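Let us walk through this structure together, from the overall fold down to single residues. Please keep the sequence and the model side by side as you read.

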Amino acid sequence: MVKWLVRKRIAAFERQWGYDASYMRELLDTDLRALLAFAKLQGLDRYRRDVPADAYFAAKLVAVLAEDCGPCTQLALADRVPGATLAAVIARRDADLPSSAALAVRFARAALAHDAAASELRDQIVATWGPRALVSLAFAILTGRMFPTLKFALGHGHACERVMIDGTAIVPPSAA
């Protein structure tokens, strides 16, 4: 009965977002407890405090692009951030980003690269928005990588492809 309900939720998610969640069904078929454990981690994906939306989603998009430039990237775009900002992040046109998104992008890239520059950017984030904003950006980076990493590990990853923003196809540099 529980598996039936979970399957219905997965199917509804797929319909809502036009997204192939077959990796979730595979988890469910393998072990319900595995899927439930993964679902608990999704709470991290909903934590966003004290940081502007454009900064949060720009950092998340950088992390998703580091792992995947396919369906997970498209799904990350479903949030309410201006298309021009998202397009600039994807195309790596940092000069076109609002200052808040630019700071978050620089931080995400530095954090993902384990670059010492992350320390100065971290201090700037805390000074600008506070410590909860830093936690929010850290969670955005973490969850941005989590979904595509799981998909690729289970054999459901996709090669890089174009991303649609406001009806325009953008090819991430890693897919070009």
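Helices (H or I, at least four residues) and strands (E, at least two) are DSSP runs, numbered from the N terminus. This is a predicted model, in which local features need pLDDT of at least 70 and side-chain atom pairs count only at pLDDT 80 or more, while totals for chains, interfaces and linings use all residues. Residues are numbered from 1 along each chain as its sequence is written, and side-chain values use heavy atoms, with hydrogens and water left out.

Let us begin with the whole chain. The protein chain has 9 helices and 2 strands, and from the N terminus on its elements run α-α-α-α-α-α-α-α-α-β-β. Confidence is given as pLDDT, the predictor's confidence in each residue, from 0 to 100. The protein chain averages a pLDDT of 87, and 89% of the residues score at least 70. Confidence is lowest in helix α5 (residues 71–76), at a mean of 67, and highest in α8, at 98.

How much of the chain is buried? Buried means under 20% relative accessible area, exposed over 50%, and partly exposed in between (1.4 Å probe, protein chains only). By that rule, 42% of the 176 residues of the protein chain count as buried. The accessible surface of the protein chain comes to about 9300 Å², of which 56% belongs to carbon and sulfur atoms; such areas come from the Shrake-Rupley method with a 1.4 Å probe, and for residues only the protein chains shown count as cover. Contact here means heavy atoms within 4.5 Å. Among contacts between residues at least 6 apart in sequence, 64% join residues at least 24 apart.

Now find helix α6 (residues 83–91). Of its 9 residues, 7 are buried, so α6 is largely enclosed by the rest of the structure. The buried residues are G83, T85, L86, A87, A88, V89 and I90. Their cover includes α4 (53–67), α7, β1 (163–165) and β2 (168–170).

Just after α6 comes R92, in the loop between α6 and α7. Most residues other than glycine have a negative phi. Phi of R92, however, is near 60 degrees, a positive value. R92 counts as exposed, at 52% relative accessibility.

Next, look at how the helices pack. Axes are lines fitted to C-alpha atoms, for helices over the stretch in contact, and angles run from 0 to 180 degrees between N-to-C directions. A crossing is left-handed if the near helix is turned anticlockwise from the far one by less than a right angle, and right-handed if clockwise.

The axes of α4 and α7 come within 8 Å and cross at roughly 35 degrees, in a right-handed crossing. From α4, the contact draws on D54, A55, A58, A59, V62, A63 and A66, and from α7 on S100, A101, A104, V105, A108, R109 and L112. These residues divide into 11 nonpolar, 1 polar and 2 charged, where Ala, Val, Leu, Ile, Met, Phe, Trp, Tyr, Cys and Pro count as nonpolar, Asp, Glu, Lys and Arg as charged, and the others, Gly among them, as polar.

Helix α7 (residues 99–113) also meets helix α8 (residues 117–129): their axes come within 9 Å and cross at roughly 145 degrees. Here α7 passes α8 in a left-handed crossing. S100, L103, R106, F107, A110 and A111 in α7 meet A117, A118, L121, R122, Q124, I125, T128 and W129 in α8. This contact has 9 nonpolar, 3 polar and 2 charged residues.

Back in α4, is K60 buried or exposed? K60 lies in this helix and is buried, with a relative accessible area of 8%. Not counting residues up to four places away in sequence, K60 touches D45, A140, T143 and G144.

Finally, visit the loop between α3 (32–41) and α4, where V51 has its place. V51 is buried, with a relative accessible area of 5%. Beyond residues up to four places away in sequence, V51 touches Y56, W129, A133, S136 and L137. Leaving aside neighbours within four places in sequence, L44 is in contact with Y56, F139, L142 and T143.
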